[in-house]
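Here are my notes on the model, as numbered points. Please read them with the structure open.

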Amino acid sequence: MLEYEHHGIKRYIMQKKIIPLLLLGGSLVLVGGCDQIRFTDPKKPETKTEEKVEPQAQHPREALGLTTTHKLKSLNPNKLQTAYELSAMNMVGEGLFRLEKDGSISLGVSNGEIERHNKDVIIHLKPEAQWSNNDPVTASDFVYAWQELVNPEHHNFYAYKLLALIDNASSVLSGEVGVDQLHVQALDDHRLKITLKDPDMDDNSLKQALAFPALFPLPKNFIGQITYDLYGQKSINTLSNGPYNLSAWESGWDTWTYDRNEEYHNWTDYPTEKLSVQYVKNTETAKKSYQQRLTDILISRTPEEDWTALKRPFSQNLLYHINQAGKKNILNDQRLRDLLAQNIDRQSLTETVPSLQSSYSLDPQSEGQVQEKTALDNEKSMQALLEDYQFEAIELDLITDDNALSQKIAKNLQKQWESKIPHLVINILPLSEKVLMERFQKGDFDLYLSQQQAYDNYSNSELYLPYTAPNYQADWGDDLETFQELMKQNANGKLSDGDRSQADQLIQKHQLATPIIKGDYSYLSREEVINQAPYSDKGFLFDFKNMAYEKSSQTIPIKADKKKVKQ
């Protein structure tokens with residue numbers, strides 16, 4: 001804890017600690033703005049002129065056009081952080097098994113043969129599976145990837161995925177034993193041995209767990225030539241073993257391209273040869289691009305009433321986290337956590353955007369239960385805190401992403417807390433998605449406003465399992481064993497309504513995460529150009545399998561209106 005004087009007031013600031021945690025969501029769709037997007041190299045300088053005119057295209061676009069409100073930080077499966085990156089990894093990579101967008105599990109690198117010997121399973125790999133540089137995908141690539149995933153030096157978000165799968169993964173993640181002691185072994189190039197934590201895990205649950213993109217392999221030999229830290233940071237330092245290669249990309253860029261990987265064993269299932277992606281900050285820019293035929297699919301939280309091709313929605317949660325890392329920390333004090341949780345008016349927040357709803361569950365597909373509020377005297381409670389810690393005021397930083405909607409909600413929260421809780425100051429720090437994720441991973445925050453959604457809607461356990469990680473165990477108190485047992489029973493499946501409700505209550509009791517509001521995304525696709533959309537109502541997963549893009553007069557961009565550029 002740090003103290004400082006400001007205008008004669010003694011204030012409190014958190015000291016930052018490392019607190020890696022699950023984050024599945026990306027950026028909320030923005031509202032407002034009308035910038036014209038262009039599919040160009042983001043690092044190529046442009047010369048300003050008196051008029052900027054989008055040139056009239058003479059021919060249909062060669063590539064399917066997409067916009068997104070998310071950037072790609074990494075294509076190293078160990079370093080994935082958002083649901084969007086998980087879906088992108090599903091495009092360029094492949095694990096032992098593959099999750100299809102309809103929820104089915106198909107073969108990936110595995111040929112489907114699984115041997116069982118008590119706690120040990122041996123999975124056989126396809127000899128034809130290979131990387132985009134023609135190197136074979138081997139069992140050693142999976143061993144290497146999983147060892148690095150639970151390497152405690154990396155603080156990887158999805159390391160917890162192995163805690164429920166491999167029997168000693170928790171000992172590796174906590175640093176008790178080295179990564180080379182992880183109970184996974186390459187018997188030869190095409191046989192992978194795994195010692196399960198739960199010997200009763202059935203084949204379907206095992207396949208579903210192994211289809212998660214964070215458990216995809218890493219090309220060990222290739223990484224040996226460039227280093228682990230450089231892998232997946234730009235397209236030339238990334239290999240694919242999935243249906244597409246990524247080109248013209250570097251971490252944080254606004255544009256990138258998917259090119260069909262014809263070295264992929266099932267490449268003929270992907271008739272679309274090329275996809276161009278452009279990052280946009282707001283919905284209005286994406287809509288204008290769609291109207292001008294620069295793109296063929298549009299995703300929005302606030303669709304227009306005249307959208308006749310509106311498709312199925314998927315849900316997303318907005319919640320806040322309190323940085324409880326470290327000991328003798330005022331944010332570990334239950335009284336302050338209760339003050340923050342009890343002084344949120346969700347109804348006021350839902351009025352920010354009409355499509356938003358109050359949320360009381362970490363699972364956005366669930367209605368959840370309204371948490372009972374205890375009677376608090378804000379003045380007396382805060383005064384007792386200030387006296388105990390010898391502060392005159394408490395000042396906290398709330399970090400969030402830099403889009404307009406997130407900032408609007410953050411300001412609403414700030415207004416509620418500061419008006420109801422005396423001597424409390426909330427500083428809002430809007431950050432780019434990349435910086436936001438880095439600060440969160442390092443624990444460089446007091447309060448963190450995040451978005452969370454399931455990668456798929458078949459298993460909601462991934463929304464709760466992160467709180468079993470070692471860095472949270474001190475926060476659970478007497479409830480740790482109860483929560484661990486609850487998650488053990490649901491490690492690779494969908495929690496029943498009763499188990500989900502109990503998990504929500506336990507997490508919110510300790511304010512490890514507090515859901516606030518939720519909303520649905522919907523999408524519009526140009527049906528005369530593509531035969532099917534790549535999304536479903538089953539989660540955030542997008543998949544271009546069997547989706548054909550057809551060039552036509554409908555893919556010739558419409559000339560934009562002239563727009564004056566201020567010098």
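1. Y244 stands opposite R260 in strand β12. Four bridges join strand β11 (residues 244–247) to β12, and the two run antiparallel. Strands pair here if DSSP finds at least two bridges between them. Helices (H or I, at least four residues) and strands (E, at least two) are DSSP runs, numbered from the N terminus.

2. This is a predicted model, where local features need pLDDT of at least 70, side-chain atom pairs count only at pLDDT 80 or more, and totals for chains, interfaces and linings use all residues. Residues are numbered from 1 along each chain as its sequence is written, and side-chain values use heavy atoms, with hydrogens and water left out.

3. On to the other partner of β12. Five bridges join β12 to strand β13 (residues 274–279), again antiparallel. W256 stands opposite V277 in β13.

4. Is β12 enclosed or open? Six of the six residues of β12 (residues 255–260) are buried, so the strand is largely enclosed by the rest of the structure. Buried means under 20% relative accessible area, exposed over 50%, partly exposed in between (1.4 Å probe, protein chains only). In a regular strand the side chains alternate between the two faces of the sheet. T255, T257 and D259 point one way from β12, while W256, Y258 and R260 point the other way.

5. Y258 deserves a look. Leaving aside neighbours within four places in sequence, Y258 has contacts that include L72, A88, M91, V92, Y244 and V277. Contact means heavy atoms within 4.5 Å.

6. Y258 also belongs to the largest nonpolar core, which has 107 residues; W146, L192 and Y258 have the most contacts inside it. A nonpolar core is a set of buried Ala, Val, Leu, Ile, Met, Phe, Trp, Tyr and Cys residues joined through side-chain atoms within 4.5 Å. Helix α2 (residues 139–149) gives the largest share of this core, seven residues. Domain 1 (71–237) and domain 2 (315–520) both contribute residues, so the core lies between them. The domain bounds come from an automatic or database domain assignment. A second, separate core of 33 residues includes L318, Y320, L386 and A410.

7. How many residues of α2 are buried? Ten of its eleven are, so to speak, under cover. Among them are F142, Y144 and W146. The buried residues of α2 pack against several elements, including β8 (120–125), α3 (160–163) and α6 (220–226).

8. Aromatic pairs come to 13. The rings of F222 and Y231 have centres 6.2 Å apart and planes at 75°, so this pair is edge-to-face. Rings of Phe, Tyr and Trp (its six-membered ring) pair if their centres lie within 6.5 Å; planes under 30 degrees apart count as stacked, over 60 as edge-to-face and the rest as tilted. Both F222 and Y231 are buried. Separately, F157, F440, F445 and Y448 form one aromatic cluster.

9. S406 lies in helix α11 (residues 404–420). S406 is buried, with a relative accessible area of 1%. S406 and P430 are 24 residues apart in sequence and 8.6 Å apart in space, C-alpha to C-alpha.

10. Now the totals. The protein has 15 helices and 21 strands. Buried residues make up 56% of its 567 residues. Among contacts between residues at least 6 apart in sequence, 73% join residues at least 24 apart.
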